Amino acid sequence: MVEFKTVKGESLYSVEADDRKSAILQLVKDQVDLNGADLRCSVLRNTDLRGANFKGAYLLGADFSGADLEGANFSGACLNSAYFDCAIANEVNCKGTDFSGAYLKGANFGGANFHGADLNNADLR
């Protein structure tokens, strides 16, 4: 059983899964509202997260390297120091997202909405 809490420590979801990555993938598949969920340091490398709804989630230091995020919603999410190395992120909604210190090198954000996003100290090479 994997339990997810809010940033304030309040219980949010419990998922029957062997590990955190599998639990998050199940939540995404079930289209669960992850607004306010504490998903910091989640390792989601090379996963299919197309259309995932991470709106308002706390994803500090999460690793999305090589992931397919096409059409995902990260609006208002906290992605400080997150990794997106070589991720496919076409048409992603990043409106008002905090990408400060994020590693975005090699990621494809074609058609993404970055209106109001914080990209301070993000690696955009």
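Student: Is D68 buried or exposed?

Tutor: Buried means under 20% relative accessible area, exposed means over 50%, and partly exposed lies in between (1.4 Å probe, protein chains only). D68 has 19% relative accessibility and therefore counts as buried. Please note that this is a predicted model: local features need pLDDT of at least 70, side-chain atom pairs count only at pLDDT 80 or more, and totals for chains, interfaces and linings use all residues. Residues are numbered from 1 along each chain as its sequence is written, and side-chain values use heavy atoms, with hydrogens and water left out.

Student: How many salt bridges does a search of the whole structure find?

Tutor: A salt bridge is a side-chain nitrogen of Lys or Arg within 4 Å of a carboxyl oxygen of Asp or Glu. By this criterion, the search of the whole structure finds four.

Student: Which residue forms a salt bridge with D48?

Tutor: The partner of D48 is R50, with the closest N and O atoms 2.5 Å apart. D48 is partly exposed, at a relative accessible area of 45%.

Student: With which side chain does that of D68 meet in a salt bridge?

Tutor: The side chain of D68 meets that of R50, at 3.7 Å from N to O. Through shared partners, salt bridges join D48, R50 and D68 into one network.

Student: Which side chain meets that of R45 in a salt bridge?

Tutor: R45 pairs with D63, at 2.5 Å from N to O. R45 is partly exposed, with 43% relative accessibility, whereas D63, at 10%, counts as buried.
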